[in-house]
Amino acid sequence: MDTLQAILLGILQGITEFLPVSSSGHLQIAKELLGVELSDNVTFDVTLHAATVLSTIVVMWREIWKLLSGLFSRTFNDEQAYVLKILLSMIPAGVVGVLFADRIEALFASLPFVGFMLLLTAALLTFAYRARPREKREISYRDAFLIGCAQAVATLPGLSRSGSTIATGLLLGNRKEEVAHFSFLMVIPVILGKMLLDILSGDMAAMSVGAVPLAAGFVSAFTVGALACRFMIDIVKRGKLIWFAWYCAAAGIISIVGSLL
């Protein structure tokens, strides 16, 4: 992998990690176009995810600081309740990761499957856009778990994590801004946990990407990710998810047709 390829993949990761268009699906398509086998280098994959996690922390540092400040209070408060909801949302993803990781990994090689999942993402975003449920004051424990279930299903390549979690939260009747914030905060411990497992597995020892491409990929993913995170929160507030539904539908059709040619 050269530096230009690393920058392009970093930009792609930074954009698609937050926009509801599936980062895994787009990276799989990018591998086909660039001839880069990203799954062969866990180090590069972990580096890109570390960059987008850092961009989330930078953009949402006020919310994170507020949660951390209230976490160690002796009396049960809203911040502790919110952290419990995040932990509850992690359970489904943890179960899926432990039991079905190998089977899900095998699906990444199937471009038609990625295409069909992009079409499913488009359908979810369309339902969320059309739905007009009542807006709840805050995300409940039940809703947090159901949003977590959506996140677990979204480990499938082509099914957008942010799209699935935000759409689920909106369909459950939660406020747009609240759902967007919860969706981006809940993924931080999940990605950090996945990164830790990758490091402990020893797969990172076999690094075939040089230091310069690795750094270039990190910087591009972080920079673009910070911009995309801010942009996505604003988009959810305005209720413009239908734009991404049309895009995912087009990308899904192109992926399916392209794989058949």
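Modeller: Arginine 175 is partly exposed, with a relative accessible area of 34%. Here buried means under 20% relative accessible area, exposed over 50%, and partly exposed in between (1.4 Å probe, protein chains only). Arginine 175 forms a salt bridge with glutamate 178. The closest N and O atoms of that pair are 3.8 Å apart. Glutamate 178 counts as buried, at 19% relative accessibility.

A word on the source: this is a predicted model, where local features need pLDDT of at least 70, side-chain atom pairs count only at pLDDT 80 or more, and totals for chains, interfaces and linings use all residues. Residues are numbered from 1 along each chain as its sequence is written, and side-chain values use heavy atoms, with hydrogens and water left out.

A salt bridge is a side-chain nitrogen of Lys or Arg within 4 Å of a carboxyl oxygen of Asp or Glu. By this rule there are three salt bridges. Another of them joins lysine 85 to glutamate 138, with the closest N and O atoms 3.9 Å apart. Lysine 85 sits in helix H5 (residues 78-107), while glutamate 138 sits in the loop between helix H6 (111-130) and helix H7 (141-153), so the pair ties together parts that are 53 residues apart in sequence. Helices (H or I, at least four residues) and strands (E, at least two) are DSSP runs, numbered from the N terminus. Lysine 85 is buried, at 6% relative accessible area. Glutamate 138 is partly exposed, at 38%.

Then there is aspartate 143. Its partner is arginine 142, and their closest N and O atoms are 3.2 Å apart. Aspartate 143 is buried, with a relative accessible area of 0%.
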